[in-house]
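Student: Please take a close look at one part of this structure. I would like a walk across the surface and into what lies beside it.

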Amino acid sequence: MFSRLHADIQCILERDPAARSAWEVLTCYPGLHALILHRRAHWCWNHGFKWLGRFISHISRWLTGIEIHPGAKIGHRVFFDHAMGVVVGETAEIGDGCTIYQGVTLGGTSLYKGTKRHPTLGKDVVVSAGAKVLGGFVVGDGAKIGSNAVVIKPVPAGATAVGIPARIIPSKAGESADVSGTDRKFNAYGITQEDDPVSQALRGLIDNAAGQEHQIAMLWKAVEQLCAQQQVQMPGDAARSETFEADKLNELVGK
């Protein structure tokens, strides 16, 4: 029990620069308190004390602002950061190393009892503030859910889901930027510069337009050389130089 508590405190110290000491985390972090109470509630739920498990969950919600059903399964080193308004459903499963921010809902879309109604998060998943993950599907290891996204379908390992409804951005090398390489890097709120599909699409259009202008300018130069050889006058409006400011436009869309 104490080794698990130590691991929970250590993961908060690693991921939250505002945490200054283990004592501060132990006494002032509601996400840690919610986890401690959930383990008691989960034990009661699994051993047939359903009402007691729900009552402990209710007290935890009142004390911390985090509502975790006692039937939910939560792994090791899970960090509920701020986490006011978080709701975790009965059949939800949260893998080791996950980070969940405020306003997140791991909810269900089915009304049938005894079925898998809530999502399963793999290891090292980041669910950003206000996101809603709805349904009994799997969010793969190392995936990231953007702020206020509404996820209603499975997310592959290492991918990023953003928008309403969420659009899936595949990872480049089959794994998330959070977990790739030997030196693990944690991105607060799951934010990286390459997670916006709109800016990615705009950058692609800008690069394509710049390439086309470059080719047109080369063609006009070739035509100019041929005209000079044949002693034919060039059109006055020929585009002999490139004027498309691709770098400036890419900066505007966040490159």
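Tutor: Start with a nonpolar surface patch of about 580 Å², built by Trp43, Phe49, Trp51, Leu52 and Phe55. Patch members have over 30% relative accessible area and no salt bridge; nonpolar side chains (Val, Leu, Ile, Met, Phe, Trp, Tyr) are joined within 5 Å, like charges within 9 Å. A salt bridge here is a side-chain nitrogen of Lys or Arg within 4 Å of a carboxyl oxygen of Asp or Glu. Accessible areas come from the Shrake-Rupley method with a 1.4 Å probe, and for residues only the protein chains shown count as cover.

A word on the model. It is predicted, so local features need pLDDT of at least 70 and side-chain atom pairs count only at pLDDT 80 or more, while totals for chains, interfaces and linings use all residues. Residues are numbered from 1 along each chain as its sequence is written, and side-chain values use heavy atoms, with hydrogens and water left out.

Back to the patch. Helix α4 (residues 50-64) gives the largest share, three residues. Helices (H or I, at least four residues) and strands (E, at least two) are DSSP runs, numbered from the N terminus. Tryptophan 51 lies in α4. With a relative accessible area of 62%, tryptophan 51 is exposed. The cut-offs are these: buried is under 20% relative accessible area, exposed is over 50%, and partly exposed is in between (1.4 Å probe, protein chains only).

Now the rings. The whole structure holds two aromatic pairs. One is formed by tryptophan 43 and phenylalanine 49, stacked at 6.3 Å centre to centre with 15° between the planes. Rings of Phe, Tyr and Trp (its six-membered ring) pair if their centres lie within 6.5 Å; planes under 30 degrees apart are stacked, over 60 edge-to-face, and the rest tilted. Tryptophan 43 is partly exposed at 47% relative accessibility. Phenylalanine 49 is also partly exposed, at 44%. In the other pair, tryptophan 51 and phenylalanine 55 have ring centres 5.1 Å apart and planes at 10°, so this pair is stacked. Both of these residues sit in α4, four residues apart, about one turn of the helix. Phenylalanine 55 is partly exposed, with a relative accessible area of 38%.

Next, helix α3 (residues 30-46). It has 17 residues and spans 24 Å from its first C-alpha to its last, close to the 24 Å expected at 1.5 Å a residue. The expected span is 1.5 Å times one less than the number of residues. Buried residues of α3 are Gly31, Leu32, Ala34, Leu35, His38, Arg39, Ala41, His42, Cys44 and Trp45. Their cover includes α1 (2-15), α2 (22-28), α4, β1 (67-68), β2 (73-74) and β3 (79-80). Contact means heavy atoms within 4.5 Å. Just after α3, glycine 48 takes a positive phi of about 90°.

Other backbone points are found in loops. Alanine 83 has a positive phi of about 70° although it is not a glycine. Alanine 83 lies in the loop between β3 and β4 (87-88). At 0% relative accessibility, alanine 83 is buried. Aspartate 124, another residue other than glycine, has a positive phi near 60°. Its loop runs between β8 (120-121) and β9 (126-127). Aspartate 124 is partly exposed, at 21% relative accessibility. Finally, a cis peptide bond joins isoleucine 164 and proline 165, with omega about -15°. Proline 165 is in the loop between β14 (160-162) and β15 (167-169).
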